[in-house]
Amino acid sequence: MSISNFMKKMMLVRQFSSDNGKITVYNVRLVTLAFVSLKEIQNEIMAKLGKGGVSILYNSAKKGGYELTKQLCNIMGISGPKAVELLITGCRELTGWGNFELIDYNSSERKAIFHVSNGPFAEVPGSVESCHFARGLIAGALTYVFNSEVDAIETKCASKGSAFCEFVVQPYANLDVSSKLVKEQLEKI
Ligand SMILES: [Zn+2]
């Protein structure tokens, strides 16, 4: 068993702390929970609220993604794609949200594309794109990095049989609001 290089570096710059039951990373408090609990939260919210539940899952994760990225950028003094790459490493090594890959990044258009393999919800077979937490994390992170509000749409999902989940990030105004995926994932309610 070994500590990843990412963890070693974070400890070196004192950005990982575990103190009397409180774990912080880049000054943001983290908690871990069994994935089965998270899956149950999503199932309960979706069962009780239907489509309205999607925005709760997405927006709560978006807030966390924004805050973590803001702290990371401020503390490490980085921005742009460099910050995104560090977040990707952090997600892979520390959070269990899967193996993120940045496929496309265009700051002038405020657009980015991510592929994510081994995401937790990928293990739950389904008929619709279901990685709302990951989608929110990405949207929140890129909203901070671009310094402008953006949203993310999951265009491929491993839970539907794709080899990876694909997330496309761009400003809401540039989205095709008549498309089925945008209606399902981002309908403003
Ligand atoms: Zn997915």
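How far apart are the end C-alpha atoms of α5, and what span should its 15 residues have at 1.5 Å a residue? The end C-alpha atoms of α5 are 21 Å apart, which agrees with the 21 Å that its 15 residues should span at 1.5 Å a residue. The expected span is 1.5 Å times one less than the number of residues in the helix.

This is a predicted model, in which local features need pLDDT of at least 70 and side-chain atom pairs count only at pLDDT 80 or more, while totals for chains, interfaces and linings use all residues. Residues are numbered from 1 along each chain as its sequence is written. Helices (H or I, at least four residues) and strands (E, at least two) are DSSP runs, numbered from the N terminus.

**Helices α3 and α5**

- The axes of α3 (residues 51-76) and α5 (residues 132-146) come within 6 Å and cross at roughly 40°; axes are lines fitted to C-alpha atoms, for helices over the stretch in contact, and angles run from 0 to 180 degrees between N-to-C directions.
- α3 and α5 are therefore oblique to each other (under 35 degrees counts as roughly parallel, over 145 as roughly antiparallel, 65 to 115 as roughly perpendicular and the rest as oblique).
- By class, their contact has 13 nonpolar, 9 polar and 4 charged residues (Ala, Val, Leu, Ile, Met, Phe, Trp, Tyr, Cys and Pro count as nonpolar, Asp, Glu, Lys and Arg as charged, and the others, Gly among them, as polar).
- α5 is mostly covered, with 15 of its 15 residues buried (buried means 20 or more other C-beta atoms within 10 Å of the residue's own, exposed 12 or fewer, and partly exposed in between, with C-beta atoms placed from the backbone).
- Just after α5, asparagine 147 takes a positive phi of about 55°.

**Helix α4**

- The 16 residues of α4 (residues 80-95) should span 22 Å at 1.5 Å a residue, and the 21 Å between its end C-alpha atoms agrees.
- Ala83, Val84, Leu87, Gly90 and Cys91 are buried in α4.
- Seen down the axis of α4, the buried residues fall within an arc of 120°, so they line one face of the helix; the arc is that of the directions from the helix axis to the C-beta atoms.

**Single residues**

- Tyrosine 26, in the loop between β2 (22-25) and β3 (28-30), has a positive phi of about 50° although it is not a glycine.
- Tyrosine 26 is buried, with 22 other C-beta atoms within 10 Å.
- Arginine 110 lies in the loop between β4 (99-106) and β5 (111-117), and arginine 110 counts as partly exposed, with 18 C-beta neighbours inside 10 Å.
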